[in-house]
Amino acid sequence: MTLSRRALLAAGAGLAAAGLTGAMPAYGATAATRTIPSTGETVPAVGLGTWITFNVGDDAVLRDECAAVMAAFFAAGGRMIDSSPMYGSAQAVVGHGLQKLEPVPVFSADKVWTSSGEDGPTQVERSRALWTVPRFDLLQVHNLLAYEEHLPMLLDMKAAGQVRYVGITTSEGRRHQLFEEVMRRFPLDFIQVTYNPLDREVEDRILPLAADRGIGVIVNRPFQQGVLTRRLEGEPLPPWAGEIGAATWAQAILKFILAHPAVTVAIPATTRIDHVRDNVAAASGTMPDGTLRERIAAHLRDL
Amino acid sequence: MAEWSTYSLEDFILFSARVYFRLFEVQNAAFWPLHIALLAFGGALTWVALRRPGIGIVAGFVGLALCWALLGSTFLPRYAAINWAAEYLVPLVWLEVAALAAAAILAMSFNRGFAGWTGPAVVAYAAFGHPLTALVSGRSLQAAEVIGLAPDPTAIATLGFCLAIGGRIAAVACVVPALWCLASAATLYGLGVSAWWIPVACLVVTAVASTKAMLAR
């Protein structure tokens, strides 16, 4: 998914005219990227989650705030936005942003979330219409719900060129044993799991298995749904943060996550423009080595 | 370990406190200046709960039925946009409208005269005290929760009025408001709102007063 220079400049001009960007640069800023193992395509290492933050209903003011967050995300070089039919109005709010900012270089990642295999295609089509994209880049089976029915359907869609990548998701360490089984049985491009300095269960088996099978890894809830960053408010950054160029706790946590070699993209959710910029910037510069990663985890554990 | 044990209440809340309270702000903006009439209705409802005049009881139940109808047709669709579970509340709200309409029809047979302070006090709190919780929790009055436009004060006022009037049909009309108070408290708790206990406290006060009235008969 690339955009021409002319399209990017036009997008920037459109945004400025819409009063959305202020001094924001046109899309196309370079962000640190990772390689998707199954194709070799590169994707910026920090994406944008929409759980809770983008579920703002029909509120025009809040929808425009979300669009401004998306504009800042794209301007910083971000591309992957992740949502789900489970997230209330989040898909429609992403669609609103995409319409407002069009054209943008979005990497659209969504999910199938229905217990009925029969309803899967209808739900995917409804989600696509809400996003207002011609097709999804990635479709995942949300929390393995009815994966036996949905995964063959998604793989057929991929073969027909209706979606580019297929994956599965879980969160908070749920159903990891089954998750591993599905990773071994199906030709997946991506898995999505919870991973951060305090939730490290996936390091034991899931991340090594993903690396072994050439599956990309998307990390959700990097800040434990905001709990971790709220706990760290007012807590001074230790001197080691300077060694990796982390100006905030959020950046230190993201660098911890992205330093794992199996991780492809982390998708923190936020409602704030300054945070989205900080998050994308965290993928650049020095990453912590193994020793420093352990120090980060120990520091957070001991707080 | 059972998978359900890994979930907490917060995992079922799909939206933030800010977005939830913005619902009331948007709802209030859409219906201003209906608030003046609704506050007047709240005052009248308190007086009826205190004095229990026959025609006033009928009007009170009709007015509450209209408030629930207004909630079902305007607030719930707004709420359903951020909480898909709200769609399942729509039939319950219309059941409540039917129960209150039935209570209005049967109202003329109810007892008259003073029946205690608790019911009128709960109604007065719903009408005039509950909107002010917006200020206590750091929100502006633009996001105040008003009878007929927001579910919590409507549910609390219905509980108070039914307590004051008494009778079996009034007890039936308390079921949906009681369920709403519990659901609202759980939602507010999950959102981390410190005032989550208010709907539960109103429910407990009403239940205790109702039980005492039954035992006294």
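Here are legends for several close-up views of this predicted model. Residues count from 1 along each chain as its sequence is written, while chains are lettered from A and ligands numbered from 1 in the order in which they are written. In this predicted model, local features need pLDDT of at least 70 and side-chain atom pairs count only at pLDDT 80 or more, whereas totals for chains, interfaces and linings use all residues; side-chain values use heavy atoms, with hydrogens and water left out.

**View 1. B:Phe15 and B:Tyr79 form an edge-to-face aromatic pair.**
Across all chains, a search of the whole structure finds 21 aromatic pairs (rings of Phe, Tyr and Trp, the latter by its six-membered ring, with centres within 6.5 Å; planes under 30 degrees apart are stacked, over 60 edge-to-face, and the rest tilted). In the pair shown here, B:Phe15 and B:Tyr79 are 5.9 Å apart centre to centre, with 75 degrees between the planes. B:Phe15 lies in the segment before helix 1 (17–31) of chain B and B:Tyr79 in helix 3 (residues 54–80) of chain B, so the pair ties together parts that are 64 residues apart in sequence. Helices (H or I, at least four residues) and strands (E, at least two) are DSSP runs, numbered from the N terminus. B:Phe15 is buried at 3% relative accessible area, and B:Tyr79 is buried at 3% as well. Here buried means under 20% relative accessible area, exposed over 50%, and partly exposed in between (1.4 Å probe, protein chains only). Both rings belong to one aromatic cluster, whose members include B:Tyr20, B:Phe21 and B:Trp180.

A salt bridge needs a side-chain nitrogen of Lys or Arg within 4 Å of a carboxyl oxygen of Asp or Glu.

**View 2. A:Arg164 and A:Asp137 form a salt bridge.**
The side chains meet at 2.8 Å, N to O. This pair links distant parts of the chain, with A:Arg164 in strand 7 (residues 163–169) of chain A and A:Asp137 in strand 6 (residues 136–141) of chain A, 27 residues apart. A:Asp137 is buried, with a relative accessibility of 4%. The structure holds 19 salt bridges over all chains.

**View 3. Helix 10 of chain A is largely enclosed by the rest of the structure.**
In helix 10 (residues 249–258) of chain A, 10 of the 10 residues are buried. Among them are A:Trp249, A:Lys255 and A:Phe256. A:Arg293 lies over the face of A:Phe256, 4.1 Å from the ring centre.

**View 4. A polar contact joins A:Asn220 and A:Gln192.**
Their side chains are joined by a contact of 3.2 Å. A polar contact is a pair of N or O atoms within 3.5 Å; within protein, one must be able to donate a hydrogen and the other to accept it, and residues adjacent in sequence count only if both atoms are side-chain atoms. A:Asn220 is found in strand 9 (residues 216–220) of chain A and is buried at 8% relative accessibility.

Key: Lys NZ or Arg CZ within 6 Å of the ring centre and 35° of its normal.
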